Structures are given as C-alpha cells and as structure tokens.
Amino acid sequence: MSTYVIADVHGCYSEFIELLKKVRFSENDRLIVAGDIIDRGKESYAMLQWMEKKFDNVDFIMGNHDRMFVESVAKLADFSKVSANIKEAYREVKMYDPNFDRYKTIRDLIRDHGVGLATLIKWAKIIKNFPYTIDLNINGRDYIVVHAGYMEEGDLKDTDIDLSPILSSMEKPMSEQKYFYLWAREEALVVGGKENTTIIAGHTPTIADSVFFTGGTVFKYENKEKNSVIYDIDCGCVFNGKIPGANLACIRLEDEQVFYLYEKKPDTYYYE
C-alpha cells in the first residue's frame, strides 16, 4: 500500500486521472487530494462528479477555492428562494456581489452542463465536510497534509504576522488557524511547521514569483532545528501552456518520492 498526495487540481481532471495512471494508483493505495479541486480549469464538472463517488481510499482536504464554492452555492440558494429560475438567481447574486463565483465555475456548471440547484447543494454539502488537515504516521514519521500552511494555536504570538485586519474584513470571519490552513503563503515558512513533522501542502504554485519558486518542481524547505520539513507540491498544472514549467505532481509518503505528469524537471530546489 502506498499513500499519495496531490494538490491544486483546479479542474484539470484529465491530467489528474493521467497522473494516477502514471503512478499505478490502485484500490490498495490511499490518495489524499490537498484542496482546490475546482476553479480555473475546464473540467471542474468532471472533477466534482469524481469526488461524488466517495471512494473508500480517497480523502479530500478543504482548499480556499473549495470553501469559496460552498459559500457561493449558499448565496445562490438564498437568492433562488425568490427568483424564477437558477439563471435569474445567478444574475441577481452577481449584481449584488461582484466577487461571487469569481472563476465562473458555477456559471459554467449551469450553462454548459445543465447542473441544477439541487446538485450544486449536494456537492457543496460534501465539500463542506472536508477536513482542514489530515494527520498520518508513516514509517515512524509524522505527516500533516493541509492545503496552504500549518500552524498550531498561538504560533503567531511571537511573530510579526498579524492576521486580524484580514480576518475582520472577511464576510464570514474564520479563526487564525483555518485562515492559515487555506490561505498561508510565505507565512507558512516563518511559522516553520511542527517539530518532528513533515508538512505536505500546496496553494502557492511553484511557477509563481515567490519564495516557493522552483520553475515547476516540488519545493522543499527543511528546518533542521525543529526536524521539520515543508513541501509545496502545487506545480501549477492549470497554467500549462501559459507559464513555462507548469506541471502536476504528487508525492508518495512512504519514501517521499515525487512523480510528475510531464517529463520531470531538474532536481527539486531547496530554500533554507
């Protein structure tokens, strides 16, 4: 049995399935999809259908795009109570909130696939129950899988990171921890993970201009004092054809071997 983690599929269903075939994923293995299964890409509908099958050996983690989908469906459901049909309700919500369905995923589901409100609500209920983290112990090593970054309560106290302005401005405020799980970028390195633990995350594409930049390979950060490791496995697949190096990656936790959909790039870059 092997344990694989993939992050930030972003509606790239065909590439996702191809990578699973490439690593010979089977019913004897376990897969963790570390958030952002939809938005940006062209196959969110297929990805949501695959999610709905609820395979016994597949777990999903909440990503920021997944949470936005849940919140958008809730708004659409509220407006649908007084609108004649779902398309009219969609237009009304969009007029009320320009940020609603920012990546037009719900629009495409309705327009291109004939998805109705009942199906949207069903998918949103499934996603709403995604955990924010999954803890594992493999070969005596502790792992935490999360979408963006991991922190424990109080971790920010002795840093200059202040999330309060962001949290107070949000339409639906959340705790510092949940915000960090969904949205952290460079902050995830400042906080520094957890002692004797490997953090597997995504969220920031390694083709983006940030400290995570590798040109499209998996990013690895080692904190030797804490014996902590942080991986960013989002290699920006949805930007393939637009940004050089974009790829889809997964990591096998038993030996931390990384697999790429497209021909493997140079060795992983390190940031210490």
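Which residues does Lys-75 touch, not counting residues up to four places away in sequence?

Guide: The model is a predicted one. In it, Lys-75 touches Val-93, Asp-97, Phe-100 and Glu-171, with residues up to four places away in sequence not counted. Lys-75 belongs to helix H3, which covers residues 64-80. The relative accessible area of Lys-75 is 18%, and because buried means under 20%, this lysine counts as buried.

Leaving out residues up to four places away in sequence, Leu-76 touches Ile-86, Ala-89, Tyr-90, Val-93, Phe-100, Ile-106, Ile-110, Leu-117 and Leu-120. Leu-76 is a member of the largest nonpolar core, which has 70 residues; Phe-16, Leu-31, Phe-69, Leu-76 and Leu-120 are the members that touch the most others. Helix H6, residues 117-128, gives the most to this core, with five residues. Another core lies apart from it and comprises 21 residues, including Ile-61, Leu-136, Ile-251 and Tyr-260. As a general matter, nonpolar side chains in soluble globular proteins tend to be buried together.

H3 and H6 also meet each other. Their axes come within 9 Å and cross at roughly 140 degrees, and the crossing is left-handed. On the H3 side the contact is made by Asp-66, Phe-69, Val-70, Val-73, Leu-76, Ala-77 and Ser-80; on the H6 side it is made by Leu-117, Leu-120, Ile-121, Trp-123, Ala-124, Ile-127 and Lys-128. Sorted by class, this contact holds eleven nonpolar, one polar and two charged residues.

Tyr-179, Phe-180, Tyr-181 and Leu-182 of H8 are buried. The elements that cover the buried residues of H8 include H3, strand S4 (133-138), strand S5 (141-146), helix H7 (164-169) and helix H9 (187-191).

Asp-101 is found in the loop between helix H4 (86-96) and helix H5 (105-113). Although Asp-101 is not a glycine, its phi is positive, at about 50 degrees. Asp-101 is buried, with a relative accessible area of 5%. Asn-139, in the loop between S4 and S5, also has a positive phi, near 55 degrees, in a residue other than glycine. Asn-139, however, counts as exposed, at 66% relative accessibility.

S4 and S5 lead on to the sheet. Five strands form an open sheet in the order S4-S5-S6-S8-S7, with mixed pairing. S4 and strand S7 (219-223) stand at the edges; each has a single partner strand, so one side of each is left without a neighbour in the sheet. From one strand to the next, the twist averages 20 degrees. Within this order, strand S6 (residues 197-201) and strand S8 (residues 228-232) pair in the parallel sense over four bridges.

Notes. Residues numbered from 1 in each chain as written. Predicted model: local features only at pLDDT ≥ 70, side-chain atom pairs only at ≥ 80, totals over all residues. Heavy atoms only, no water. Core = buried A, V, L, I, M, F, W, Y, C linked by side-chain atoms within 4.5 Å. Buried < 20%, exposed > 50% of the residue type's maximum accessible area, 1.4 Å probe, protein only. Helix = DSSP H or I, 4+ residues; strand = E, 2+ residues; numbered from the N terminus. Contact = heavy atoms within 4.5 Å. Axes fitted to C-alpha atoms, helices over the stretch in contact; angles between N-to-C directions. Left-handed = near helix turned anticlockwise from the far one by under 90°. Nonpolar A, V, L, I, M, F, W, Y, C, P; charged D, E, K, R; others polar. Pairing = 2+ DSSP bridges.
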